[in-house]
Amino acid sequence: MILDLQNIFKDYQQDKLIVPVLKDVSLQVEEGEYVAIMGPSGSGKTTLMNIIGCLDRPTSGTYQLAGEDVLRCKDKEMSDLRLRSIGFVFQNFQLLSRQSAVENVALPLSYAGIKKKERRARATQALERVGLGDRVTFKPTQLSGGQKQRVAIARAMVNNPKILLADEPTGALDSKSGEQIMELFDELNAEGVTIVMITHDRNIASKAKRIVHIIDGMITEGKDKEAENG
Ligand SMILES: Nc1ncnc2c1ncn2[C@@H]1O[C@H](COP(=O)(O)OP(=O)(O)O)[C@@H](O)[C@H]1O
Ligand SMILES: [Mg+2]
């Protein structure tokens, strides 16, 4: 079991009001799985992703990531665990606009203390891996949406994390670019990467092998892909 979340509650405090957002969410994901988390806007998807990604802590519950008790970790241990284990992809790419593709991709390697020459070599390789070997010096403004998302995927994977977390990865893309991103996810999953992808798009979710629905902060497990197709 690579992800094991049990009885997760998350409240936000807004002025004097306490807003419950996740209400007793339990989710288990095996290593190598490809899971889509589907739900309407405001249902708590991003809140859940931030908890899975060790970017935020729940109000209560337990969370084991690759056997580590995440919520017992201090903030520094939690961010080390995040850097080692998880790659992130976001709807709006979150690339640094003044930096070239290769510099963006190399960024996680500098946190890992890798020397400049090796950073550049590994980042170039990661860009080749996503089909952008001929765009390494391009800045984000010189790339299409689909290309920007591929740069973001190269950045997410350059450390070889076991888990890829994606929050609406095709949300800002036309359907053809979205398809290409989904093909890339399929390849990564075939190589053994565990993928958790958030989407509100049924068509995109159907690419995953398992669908989990979240409605109003509560999870209901969907049918698996075979059942969906059959
Ligand atoms: N930092 C925050 N403070 C207060 N409320 C928040 C915060 N982040 C999210 N929320 C609320 O939590 C609910 C779920 O948000 P979110 O997880 O972003 O949903 P989704 O990604 O499914 O659209 C929303 O009602 C939102 O207003
Ligand atoms: Mg969201």
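Analyst: Gln147 is buried, with a relative accessible area of 16%. This residue belongs to helix 5, and the model in which it is seen is a predicted one. Setting aside residues up to four places away in sequence, Gln147 touches Leu132 and Arg135.

Helix 5 covers residues 145–157, and one of its partners is helix 6, residues 175–190. The two pack at an angle of about 20°, and their axes are 9 Å apart. Because angles under 35 degrees count as roughly parallel, helix 5 is roughly parallel to helix 6. The crossing of helix 5 past helix 6 is right-handed. On the side of helix 5, the residues that meet helix 6 are Gly146, Gln149, Arg150, Ile153 and Met157. Helix 6 brings Ser177, Gln180, Ile181, Leu184, Phe185 and Leu188 to this contact. Sorted by kind, the residues of the contact of helix 5 with helix 6 are six nonpolar, four polar and one charged.

Helix 5 also packs with helix 3, here at an angle of about 30° and with the axes 7 Å apart. Helix 3 and helix 5 are therefore roughly parallel to each other. Helix 3 passes helix 5 in a crossing that is right-handed. From helix 3, the contact takes in Ala101, Asn104, Val105 and Pro108. From helix 5, it takes in Val151, Ala154 and Arg155. The residues of the contact of helix 3 with helix 5 comprise five nonpolar, one polar and one charged.

Val102 sits in helix 3, which spans residues 101–111. With a relative accessibility of 2%, Val102 counts as buried, because buried means under 20% relative accessible area. What does Val102 contact, leaving aside its neighbours within four places in sequence? The residues are Arg120, Ala123, Thr124, Leu127 and Val136. The C-alpha atoms of Val102 and Arg155 are separated by 8.8 Å, and the two residues are 53 residues apart along the chain.

Not counting residues up to four places away in sequence, Ile198 touches Ile37, Lys45, Met49, Ala166, Asp167, Glu168 and Pro169. Between Ile198 and Asp11 there are 20 Å in space, C-alpha to C-alpha, and the pair is 187 residues apart in sequence.

The last point concerns cysteines. How many disulfides does the structure hold? The number is zero. Cys54 is in no disulfide, and the nearest cysteine sulfur, that of Cys73, is 7.5 Å away. A disulfide needs a pair of cysteine sulfur atoms within 2.5 Å, so at 7.5 Å the sulfur of Cys73 is too far from that of Cys54 for a bond. Cys54 counts as buried at 2% relative accessibility. Cys73 also counts as buried, at 10% relative accessibility.

Technical notes. Residues numbered from 1 in each chain as written. Chains lettered and ligands numbered in written order. Predicted model: local features only at pLDDT ≥ 70, side-chain atom pairs only at ≥ 80, totals over all residues. Heavy atoms only, no water. Buried < 20%, exposed > 50% of the residue type's maximum accessible area, 1.4 Å probe, protein only. Axes fitted to C-alpha atoms, helices over the stretch in contact; angles between N-to-C directions. Helix = DSSP H or I, 4+ residues; strand = E, 2+ residues; numbered from the N terminus. Parallel < 35°, antiparallel > 145°, perpendicular 65-115°, else oblique. Left-handed = near helix turned anticlockwise from the far one by under 90°. Contact = heavy atoms within 4.5 Å. Nonpolar A, V, L, I, M, F, W, Y, C, P; charged D, E, K, R; others polar.
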